[in-house]
Amino acid sequence: MARISAEQRMKIHETLLNKSKELFIQYGFSKTSIDDIVNACGIAKGSFYSYYPSKEELFYAVLRREEEIKNKIISEVMSESLPPKELLMRFFEISFKAIEENEFLQNLYQRGEYEKIVKRLPKELIDEHAKEDLESSLEFVKFLQEKGVTEEDPEIVIGLFRMIMLLPLHRQEIGEQTFLKTMKKMIESLSNDLTRKNS
């Protein structure tokens with residue numbers, strides 16, 4: 001059997017990520033099998049395991065790629081020249097829109113599969129992700145504090161950000177009628193509170 005080139009291997013990997021994402025969105029993690037994935041990709045089952053040791057780790061790779069949007073949002077906000085309150089509101093609004101438009105993340109949390117998948121992942125993967133996430137978040141909080149965010153505890157700021165980012169995933173429970181107005185009010189109130197000495 002002929003060896004595949006590095007370029008071919010990259011293309012197969014990209015196909016794996018894209019096709020599995022489509023299947024996870026359509027059917028969910030639990031109802032998508034490795035057979036479904038390899039058939040959609042047109043590869044042998046043995047080839048799958050040369051990229052990922054399990055379906056969970058493939059799913060995690062797709063999730064990590066989807067979460068890269070966070071770093072793009074942070075970079076975009078850090079390039080803005082706005083007063084502190086407007087800077088925070090801009091961050092919340094861009095983040096909110098990105099999550100609303102991300103079908104993969106929406107489906108993941110609505111189906112309630114996240115916790116089950118994470119429990120099956122190697123601890124070192126989770127620890128590495130948590131460390132990277134914390135480092136990028138702390139860098140962003142430091143930037144915001146330099147710009148005029150008044151809360152001194154970075155963990156509180158990060159916690160508030162995560163809380164806001166998770167709200168779009170509970171749109172139906174909150175109620176379609178009031179969700180957008182409630183979200184807008186919360187973003188404005190939070191941005192006011194975090195920059196109150198500079199308002």
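**Pocket and rings**

Tutor: This is a predicted model. Its largest pocket is lined by 32 residues, and those nearest the centre are Glu67, Lys70, His129, Asp133 and Arg162.

Student: Which helix gives the most to the lining of the largest pocket?

Tutor: The elements that give two or more residues to this lining are H4, H5, H6, H7, H8, H9 and H10. With eight residues, the one that gives the most is H9.

Student: By class, how many residues in the lining of the largest pocket are nonpolar?

Tutor: The pocket has a volume of about 980 Å³. Its lining holds five polar and eight charged residues, and the nonpolar ones number 19.

Student: Is the pair of Phe140 and Phe161 stacked, edge-to-face or tilted?

Tutor: The structure holds twelve aromatic pairs. In this one the ring centres are 6.1 Å apart and the planes of Phe140 and Phe161 stand at 45°. Stacked needs under 30 degrees and edge-to-face over 60, so the pair is tilted.

Student: Which helices does that pair link?

Tutor: Phe140 and Phe161 are both buried. They are 21 residues apart and link distant parts of the chain, with Phe140 in H9 and Phe161 in H10.

Student: Which residues form one aromatic cluster with Phe140 and Phe161?

Tutor: The cluster includes Phe140 and Phe161.

Student: Over which ring does the charged end of Arg9 sit?

Tutor: The charged end of Lys55 sits over the ring of Phe29, 4.1 Å from its centre. For Arg9, the charged end is 4.1 Å from the centre of the ring of Tyr51.

Terms used
Residues are numbered from 1 along each chain as its sequence is written. This is a predicted model: local features need pLDDT of at least 70, side-chain atom pairs count only at pLDDT 80 or more; totals for chains, interfaces and linings use all residues. Side-chain values use heavy atoms; hydrogens and water are left out. On a 1 Å grid over the protein atoms alone, a cavity is a set of points where a 1.4 Å probe fits but cannot get out, and a pocket is an open set with protein on both sides within 12 Å along at least five of seven lines; lining residues have an atom within 4 Å of a point. Grid points are joined across faces, edges and corners, and a volume is the space filled by probe spheres set on the points. Helices (H or I, at least four residues) and strands (E, at least two) are DSSP runs, numbered from the N terminus. Ala, Val, Leu, Ile, Met, Phe, Trp, Tyr, Cys and Pro count as nonpolar, Asp, Glu, Lys and Arg as charged, and the others, Gly among them, as polar. Rings of Phe, Tyr and Trp (its six-membered ring) pair if their centres lie within 6.5 Å; planes under 30 degrees apart count as stacked, over 60 as edge-to-face and the rest as tilted. Buried means under 20% relative accessible area, exposed over 50%, partly exposed in between (1.4 Å probe, protein chains only). A charge sits over a ring if NZ of Lys or CZ of Arg is within 6 Å of the ring centre and within 35 degrees of the ring normal.
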